[in-house]
Amino acid sequence: MSAQEDFMAETELRARLKAQEKTIEALMDTVERQSSGEVPSLELLSQNLNLERVVQRKTETLRQQGEELQQALHDLQLTQTQLLQANKLESVGQLAAGIAHEINTPVQFIGTNIEFLKESFQNVKRLVDVVEEQIRALSEGADIQRSLKALTDMLAEIDWDYLSEELPTAIGQSQDGIHRITKIVQAMKEFSHPSSKEKVKNDLNKLIDTTVIVATNEWKYVADVRTEFDPELPLVCCLADELGQVVLNILVNAAHAIESKLSSDPQKKKGTITISTRHDQQHVVIRIADTGSGIPKEIQGRVFDPFFTTKVVGKGTGQGLAIAHDVVTQKHGGTLNLETEPGKGTVFIIRLPIE
Ligand SMILES: Nc1ncnc2c1ncn2[C@@H]1O[C@H](COP(=O)(O)OP(=O)(O)OP(=O)(O)O)[C@@H](O)[C@H]1O
Ligand SMILES: [Mg+2]
């Protein structure tokens with residue numbers, strides 16, 4: 001069954017359960033109304049008895065059906081949880097592919113640079129060999145002009161001017177590459193670290209930084225990400241990995257919204273995603289703003305609905321914001337709102353209590 005069908009089935013089951021409860025209530029009402037008549041006639045009494053038996057039988061069947069429906073609902077909820085889990089796994093898989101790509105690029109140029117350093121070392125070694133040879137010759141009284149010529153020839157042969165410029169660059173680039181890999185690996189470790197199921201105090205600025213790095217491959221072709229962090233942001237009591245998932249979902253949506261705007265922009269200028277944090281006495285506020293397509297008025301009220309998506313199959317399942325909303329409001333007692341201007345962009349505003 002597809003996720004959408006599952007959701008419809010659950011809604012239908014809930015409606016049926018509600019209808020059954022209403023039927024029972026109505027039957028009970030009838031019995032009560034009839035039996036509270038002033039002087040019950042014999043006929044009324046037997047009618048009541050009959051009615052009561054009918055109600056009893058009906059109630060029993062309904063109770064049984066109710067139990068079955070409850071079980072079916074429970075099964076469905078289980079499937080839904082599994083689906084959410086699968087969705088999360090899918091996004092982890094997608095991120096992993098992106099990260100592999102992110103790591104692969106620096107690894108490749110580090111490889112090329114090391115090859116260059118190896119060749120250059122051979123050349124420098126040839127130069128040093130000549131230097132040693134000439135020192136020896138000179139100390140044995142050789143002609144100084146000949147030694148000088150041998151040395152300058154060798155410098156030209158190995159193209160020392162070029163090497164002395166390129167070697168430091170190659171070393172610097174390799175160091176940059178290693179730094180980039182270290183940063184990505186560190187972020188991955190933090191992001192995937194199985195944090196506790198209990199709420200603990202967390203630095204949300206750091207959590208956002210980590211998420212941005214882990215998701216680099218999702219945004220870097222379409223946008224620049226800017227962060228404007230509150231330097232005094234207090235630690236927030238929260239479920240770190242779930243909030244990381246919220247930021248990730250909103251960030252990926254922002255990148256998609258910019259991408260879809262770019263596809264109709266002839267200049268194809270990159271967009272911007274700005275993530276800021278602020279706080280007051282009791283709350284922290286995270287704002288994630290994009291310069292993407294914005295959300296048309298007619299669907300603004302539906303974006304948090306489970307399985308609501310405007311994306312093609314494979315690009316979106318419509319669960320990102322539903323999960324985000326649940327995590328922020330239900331699990332953290334916060335609020336998740338949006339402000340949007342079609343054609344200009346959208347801001348998602350997460351407000352969380354500090355304690
Ligand atoms: N920043 C945004 N700008 C414009 N539209 C957005 C933005 N964020 C969400 N939307 C709209 O809300 C819909 C629902 O978003 P949601 O994250 O729940 O699902 P999805 O991105 O379509 O799929 P999933 O997140 O499950 O991969 C999107 O399909 C899109 O139409
Ligand atoms: Mg999404």
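Ligand 1 is surrounded by 21 residues in this predicted model. The closest are Ala 257, Thr 309, Gly 316, Gly 320 and Leu 321. By class, the shell around ligand 1 holds seven nonpolar, twelve polar and two charged residues. Two helices, α7 (240-262) and α8 (320-331), each supply at least two residues of this shell. Helix α7 gives the most, with four residues.

**Overall make-up**

The chain has eight helices and seven strands. It runs to 355 residues, and buried residues make up 20% of them. Take the contacts between residues at least 6 apart in sequence: 71% of these join residues at least 24 apart.

**Strands around β7**

Strand β7 (residues 345-353) pairs with strand β5 (residues 283-290) in the antiparallel sense, over eight bridges. Within this pairing, Arg 287 has Ile 349 of β7 as its bridge partner. Strand β7 also pairs with strand β6 (residues 335-341), again antiparallel, over seven bridges. Here Leu 336 is bridged to Ile 350 of β7. In a regular strand, side chains alternate between the two faces of the sheet.

Strands β6 and β7 form a hairpin with three residues between the strands. Gly 343 in this hairpin takes a positive phi near 90°.

**Helices α4 and α5**

Helix α4 (residues 160-192) packs against α5 at an angle of about 120°, and their axes are 9 Å apart. The crossing of α4 past α5 is left-handed. On the α4 side, the contact is made by Lys 183, Ile 184, Ala 187, Met 188, Glu 190 and Phe 191. On the α5 side, it is made by Thr 210, Thr 211, Ile 213 and Val 214. By class, this contact has six nonpolar, two polar and two charged residues.

**Thr 211**

Thr 211 sits in helix α5 (residues 204-214). Is Thr 211 buried or exposed? Thr 211 counts as buried, because it has 22 C-beta neighbours inside 10 Å and the cut-off for buried is 20 or more. Leaving aside residues up to four places away in sequence, Thr 211 touches Phe 191, Gly 244, Val 247, Leu 248 and Leu 251. Thr 211 and Met 188 are 23 residues apart in sequence, with 8.6 Å from C-alpha to C-alpha.

Most residues other than glycine have a negative phi.

Strand β5 is paired with β7, while α8 supplies at least two residues of the ligand 1 shell.

Terms used. Residues numbered from 1 in each chain as written. Chains lettered and ligands numbered in written order. Predicted model: local features only at pLDDT ≥ 70, side-chain atom pairs only at ≥ 80, totals over all residues. Pairing = 2+ DSSP bridges. Near = placed C-beta within 6 Å. Nonpolar A, V, L, I, M, F, W, Y, C, P; charged D, E, K, R; others polar. Buried ≥ 20, exposed ≤ 12 C-beta atoms within 10 Å, placed from the backbone. Contact = placed C-beta atoms within 7 Å. Axes fitted to C-alpha atoms, helices over the stretch in contact; angles between N-to-C directions. Left-handed = near helix turned anticlockwise from the far one by under 90°.
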